[in-house]
Amino acid sequence: MSMHRDRSGDRVYRRSAPNASVLRTVSTRERRSPQAAPRVPTVGIDIGGTKVMAGVVDADGHILEKVRAETPDKSKSPKVVEDTIAELVLDLSDRHDVHAVGIGAAGWVDADRSRVLFAPHLAWRDEPLKDALTSRLAVPVMVDNDANTAAWGEWRFGAGRGEDHLVMITLGTGIGGAILEEGRVKRGKFGVAGEFGHMQVVPGGHRCPCGNRGCWEQYSSGNALVREARELAVAESPVAYGIIERVGGKPAEITGPLITELAREGDAMCTELLQDIGHWLGVGIANLAAALDPSCFVIGGGVSAADDLLINPARDAFRRQLTGRGYRPEARIAKAQLGPEAGMVGAADLARLVARRFRRANRRRLERYERYERAADNLRRAVGQ
């Protein structure tokens, strides 16, 4: 299995999967306040459709070291992905005192943050990921949706600092989301809150892989952006001449980053496509403001790399669509600051909240052992007399 280590630079190396854990056992109850968490290093894991990224993160959100490995093909068993995660964590534990592990998974995670109910890019269906990894790593393991962990990271260390009501929207191939209120992630009764991408914004609109039509992510996501560009290229539209030339007449090679690059260079069609995506983003944000009334929306994910080409049209559409516009405060719309590492940093910080119980449990065990030893010494002295 190939793996990359990233400290001062990337290095490729190979490592056989370990058979034994070097870490310790712990209970797994979450602490409510990040200020109550011990200032110890923890590992954050970000699981995507193509890679697993792991990093040791300190209490200030600084990444001390990160490693990554390719995600095994989704047709393989869930255990293969678990092996990859365990290998990365144990590799990091060789050089760092790891106290807990947090995992951000691209999928639905149950309310107990124990099982991955469904992961669209991996073969996880009602997978008991937390228990499987806890038994192998013997440290507290926290599992959450990757948008939740990214939102937590931005709230603690990024664009959402100081906000008490925050909504994060992650624009990638689809749309993910998360809700934070007064320092708590709102996961819903069954753990799957924040699936904003499947709100219907156009009745009878584009078919979505979820089975419905007109979902928000069909109009404001990386997939939507690429779909529109490819359709124009296939039709040999005159406005698509620039991008057709760039891909050598092969529309299948059009990607989101390429569209963003051409838009920055002044390509009119690519700029217009990002404006369209931004418009629909603003429409959806206005709907969420009507329902949730947050103080801040943080926009993350790969598509957010377009910066103001996307965010400014979103702000304009938001102001036009906002219910009660002109008579209510407007939420701030900000681009995420932590980039692709937000989920990893947030997962590590959430894991830190459960590390406190681990430390207390170990301390109580040590105190009981010391009391037992003192009592035994006293008994031996008494018998000796």
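## Edge pairing in the sheet

In this predicted model, strand E12 (residues 175-181) pairs with E13 in the antiparallel sense, over 2 bridges. Look across that pairing and you'll see glutamate 181 standing opposite arginine 184 in E13.

Zooming out, E12 and E13 belong to an open sheet of 5 strands, ordered E13-E12-E11-E14-E15, with mixed pairing. Strand E13 (184-185) and strand E15 (332-335) are the edges: each has a single partner strand, so one side of each goes without a neighbour in the sheet.

## Helices on the sheet

## Two aspartates with positive phi

Aspartate 126 has a phi near 55 degrees, a positive value in a residue other than glycine. You'll find aspartate 126 in strand E9 (residues 125-127). Its relative accessible area is 38%, so aspartate 126 counts as partly exposed.

Aspartate 307 also has a positive phi, near 55 degrees, and again the residue is something other than glycine. This one sits in the loop between strand E14 (296-300) and helix H8 (308-321). Buried or partly exposed: which is aspartate 307? Buried would need under 20% relative accessible area; aspartate 307 comes in at 28%, so it counts as partly exposed.

Conventions
Residues numbered from 1 in each chain as written. Predicted model: local features only at pLDDT ≥ 70, side-chain atom pairs only at ≥ 80, totals over all residues. Heavy atoms only, no water. Helix = DSSP H or I, 4+ residues; strand = E, 2+ residues; numbered from the N terminus. Buried < 20%, exposed > 50% of the residue type's maximum accessible area, 1.4 Å probe, protein only. Pairing = 2+ DSSP bridges.
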